Amino acid sequence: MSTKRKAIALISGGLDSMLAAKVVQDLGVHVEGINFFTGFCVEGHTHAIRKKDKPKRNNALWVAEQLGIKLHIVDVVEPYKDVLLNPKHGYGQNMNPCLDCKSFMVGQAVKWIKENNFDFIVTGEVVGQRPMSQRRDTMPVVARESGANDLLLRPLCAKILPPTLPEREGWVDRDKLLAFNGRSRKPQIALANSLGFTEFAQPAGGCCFLTDPNYSKRLVDLWHGRHDRDYELDDVMLLKVGRHIRPNDNFKMIVGREEGENNFLEGYRKQFIHMRTPDHSGPLVLLDGNPSADDIELAARITARFGKGKSLPLVKVEIGELSGVKKLIEVKPISPSEMPEDWTL
């Protein structure tokens, strides 16, 4: 009796990885999924925070459920810092180190299959799909620098790549793999329909905040404001939430935009000077940095601007200090003309 081979599939929660896992699964391979948590994935938290966002689900878990496979979620927040801070191949259009990121993820998968006696790795990569990590000339770089080499099978484009070990050894039938090429999503959507998938996430591909220009701008500002490029998971999460306003180099404000974000920011009140307008509905505001007394008053005026009392001549603002002491000041809400556009990140 032949041994049933085992593959680990990198599951992002998007369409490509779902299809790649399904193709290999249908070839008689035992497939399990693996999802690496860096904190930067869109699916991580924001959909669970904002009340207006739909659907509220973790797409990687949802994909695993659709495929009927076990999903391993691995925290790589700490080791991923070196990928983001020191990318060997540089950044994309924003702060996305895509080529280094893919090599890192596949490299983590190599370690995992060795520790868990799996045979090979599956990804949803397609030649020409992404500008950095999925070019014909960079896909071999991922295989080589990750250490996966020919244990890395890309089922959606395998027919236009050299045969890998799973194909040469007959663990999978190369003739039943695919030859997708280019940025068009039509082949993937047609395959999804043929496999009976009527619902899937991110048809345009990609789920990383680091590809987002606004998020990247906030991240660079964070490092500039602190004079330090290190970061913690809390920083990663807070950059996703609220309006970010920097009136001065020495401090910035994080302003909740709706109830869900205000509730999320509540959890950080003990770590930041915070403000709210007790007599009017409005945002919870966190102050990050070292604001002076004048900065505190300016921040209070901005806080009043985003509350229901913004048209009143004076508004009370409650200030919660790091010591736990609360005090109340009365300020004139700042007008839009007094807020330069470049304050908003």
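The exercises below work through a predicted model of one protein chain.

Residues are numbered from 1 along each chain as its sequence is written. In this predicted model local features need pLDDT of at least 70 and side-chain atom pairs count only at pLDDT 80 or more, while totals for chains, interfaces and linings use all residues, and side-chain values use heavy atoms, without hydrogens and water.

**Exercise 1. The whole chain**

State how many helices and strands the chain has, and what share of its residues is buried.

Solution. Step 1: helices (H or I, at least four residues) and strands (E, at least two) are DSSP runs, numbered from the N terminus. The chain comes to 12 helices and 11 strands.
Step 1: buried means under 20% relative accessible area, exposed over 50%, and partly exposed in between (1.4 Å probe, protein chains only). Of the 345 residues in the chain, 52% are buried.
Step 2: the C-alpha trace spans about 80 × 40 × 35 Å along its principal axes.

**Exercise 2. Helix α12**

Compare the span of helix α12 with the expected one, and list what its buried residues pack against.

Solution. Step 1: the expected span of a helix is 1.5 Å times one less than its number of residues. Helix α12 (residues 293-305) has 13 residues, and 18 Å is expected. From first C-alpha to last, α12 reaches 19 Å, close to that value.
Step 1: the buried residues of α12 are D295, I296, L298, A299, A300, R301, I302, T303 and A304.
Step 2: a contact means heavy atoms within 4.5 Å. The buried residues of α12 pack against the strands β6 (243-248), β7 (251-255), β8 (273-276), β9 (285-289), β10 (315-320) and β11 (326-331).

**Exercise 3. The largest cavity**

Find the volume of the largest cavity and describe its lining.

Solution. Step 1: on a 1 Å grid over the protein atoms alone, a cavity is a set of points where a 1.4 Å probe fits but cannot get out; lining residues have an atom within 4 Å of a point. Grid points are joined across faces, edges and corners, and a volume is the space filled by probe spheres set on the points.
Step 1: there is 1 cavity of 30 Å³ or more, and the largest cavity has a volume of about 50 Å³.
Step 2: the lining consists of L222, R226, D235, L238, L239, H244, K252, I254, F272 and D288. At least two lining residues come from each of α9 (213-226), α10 (233-238) and β7.
Step 3: Ala, Val, Leu, Ile, Met, Phe, Trp, Tyr, Cys and Pro count as nonpolar, Asp, Glu, Lys and Arg as charged, and the others, Gly among them, as polar. The lining divides into 5 nonpolar, 1 polar and 4 charged residues.

**Exercise 4. Positive phi**

Locate N149 and H227, and give the phi of each.

Solution. Step 1: most residues other than glycine have a negative phi.
Step 1: N149 has a positive phi of about 50 degrees. N149 lies in the loop between α6 (139-146) and β5 (152-153), and is partly exposed at 45% relative accessibility.
Step 2: H227 has a positive phi near 55 degrees. H227 lies in the loop between α9 and α10, and is exposed at 73% relative accessibility.

Conventions:
On a 1 Å grid over the protein atoms alone, a cavity is a set of points where a 1.4 Å probe fits but cannot get out, and a pocket is an open set with protein on both sides within 12 Å along at least five of seven lines; lining residues have an atom within 4 Å of a point.
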